[in-house]
Amino acid sequence: MASKTDLRGMTALVTGGSSGIGLEFCRALAKRGADIVMVSIQEKELAESCRALSETYGVKTHHLLLDLSRDDAPQKTAAFVDGEGLEIDILINNAGIFSFNTRADTPKRKLDCFIDLHVRAVTGLSLLFAERMARRGHGYILNMSSMSCWMPMPGIAMYSATKAYIRVFTRALHYEMRDCGVGVTVACPGGIATDLFGLPEPLKRLAVSIRVLDTPEAFARKAVGKMLKKKRQYINGWLNRFSIFLIAVTPTPARMLIKRRMLDRGIRRP
């Protein structure tokens, strides 16, 4: 069995692994020697990222082009893994979507996609591979929630609700699987230096330097470390942990102010 720093001989499956934080997860695991199965809907990025990982780290890579919002996505993933003769030691459910809009202004297909991708796919893949790991007596699962799971804020209703499901589901699965030798961890990232919020580069660099924000690479590395220690939950950064309290005491008038200024004026009537 590989150590917590040496993952040679192990195979990791990462959803949404062809770009962003998902790709950083793949790099963090490949640096430790793990072979990678990358699942994504981004065809070009998928092939290029797999090739680059293999060339850079000397690990075996496999890629599966798949829409994880499909009802049969877990079964198709398992069929691919079995067809390649692989056993998955590490599963990272990273694939997700985000939008900032009111429920009424979100198309039904996108509403369904939040549930299909964040609830059905995460649940199906977690349970399927947890059962296989339990039979072998070892394994690791990392599911990506979000700081927004504590944020019932206007504009992110479906995102925050489905990410809250991931957190609660994963925490429960952690306790169910701990006696089987399988670690199950939920990561709740917040404050990652990506382009999601449109911050200028100098401001992002400053925020990273004072540890208000993590880089995607740093977050992925630390989250993998927590997963390998079989921690039940990981929240990055002191500011994020402190903000959970602030969010809990945010009064309704403040939430409505956000709705009126950012949604009603900024999005619904641009």
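How close do the axes of helix 1 and helix 2 come, and at roughly what angle do they cross? I will begin with that pair, but a word on the source comes before the answer. What we are looking at is a predicted model, in which local features need pLDDT of at least 70 and side-chain atom pairs count only at pLDDT 80 or more, while totals for chains, interfaces and linings use all residues. Residues are numbered from 1 along each chain as its sequence is written, and side-chain values use heavy atoms, with hydrogens and water left out.

To the helices, then. The axes of helix 1, residues 20–31, and helix 2, residues 43–57, come within 10 Å and cross at roughly 25 degrees. An axis here is a line fitted to C-alpha atoms, for helices over the stretch in contact, and the angle runs from 0 to 180 degrees between N-to-C directions. Helices (H or I, at least four residues) and strands (E, at least two) are DSSP runs, numbered from the N terminus. Helix 1 and helix 2 are therefore roughly parallel to each other, on a scale where angles under 35 degrees count as roughly parallel, over 145 as roughly antiparallel, 65 to 115 as roughly perpendicular and the rest as oblique. The crossing in which helix 1 passes helix 2 is right-handed, a term used if the near helix is turned clockwise from the far one by less than a right angle, with anticlockwise giving left-handed. Helix 1 contributes Leu23, Cys26, Arg27, Ala30 and Lys31 to the contact, and helix 2 contributes Ser49, Leu53 and Tyr57, where contact means heavy atoms within 4.5 Å. Sorted by class, this contact has 5 nonpolar, 1 polar and 2 charged residues; Ala, Val, Leu, Ile, Met, Phe, Trp, Tyr, Cys and Pro count as nonpolar, Asp, Glu, Lys and Arg as charged, and the others, Gly among them, as polar.

The axes of helix 4, residues 108–136, and helix 5 come within 9 Å and cross at roughly 10 degrees, and that makes helix 4 roughly parallel to helix 5. By class, their contact has 15 nonpolar, 4 polar and 1 charged residues. Among the residues that meet there are Leu111, Phe114 and Val122 in helix 4, and Tyr159, Ile166 and Phe169 in helix 5.

Helix 4 also holds leucine 125, which at 1% relative accessibility counts as buried; buried means under 20% relative accessible area, exposed over 50%, and partly exposed in between, with a 1.4 Å probe and protein chains only. Not counting residues up to four places away in sequence, leucine 125 touches Thr15, Leu68, Pro74, Thr77, Leu91 and Asn93. From leucine 125 to threonine 77 the C-alpha distance is 8.2 Å, although the two are 48 residues apart in sequence.

Next, the aromatic rings. How many aromatic pairs does a search of the whole structure find? The search finds 3, with rings of Phe, Tyr and Trp (its six-membered ring) paired if their centres lie within 6.5 Å, and with planes under 30 degrees apart counted as stacked, over 60 as edge-to-face and the rest as tilted. Phenylalanine 25 and phenylalanine 219 are one of these pairs, edge-to-face, at 6.3 Å centre to centre and 65 degrees between the planes. Phenylalanine 25 lies in helix 1 and phenylalanine 219 in helix 7, so the pair ties together parts that are 194 residues apart in sequence. The rings of phenylalanine 219 and tyrosine 234 are stacked, with their centres 5.8 Å apart and their planes at 25 degrees. Through ring pairs, Phe25, Phe219 and Tyr234 are linked into a cluster. Phenylalanine 25 is buried, with a relative accessible area of 0%, and phenylalanine 219 and tyrosine 234 are both buried.

Helix 7, residues 216–228, is also the place of arginine 221, which is partly exposed, with a relative accessible area of 46%. Leaving aside neighbours within four places in sequence, arginine 221 is in contact with Ala28 and Arg32.

Finally, the chain as a whole has 9 helices and 7 strands, and buried residues make up 50% of its 270 residues. Among contacts between residues at least 6 apart in sequence, 69% join residues at least 24 apart.
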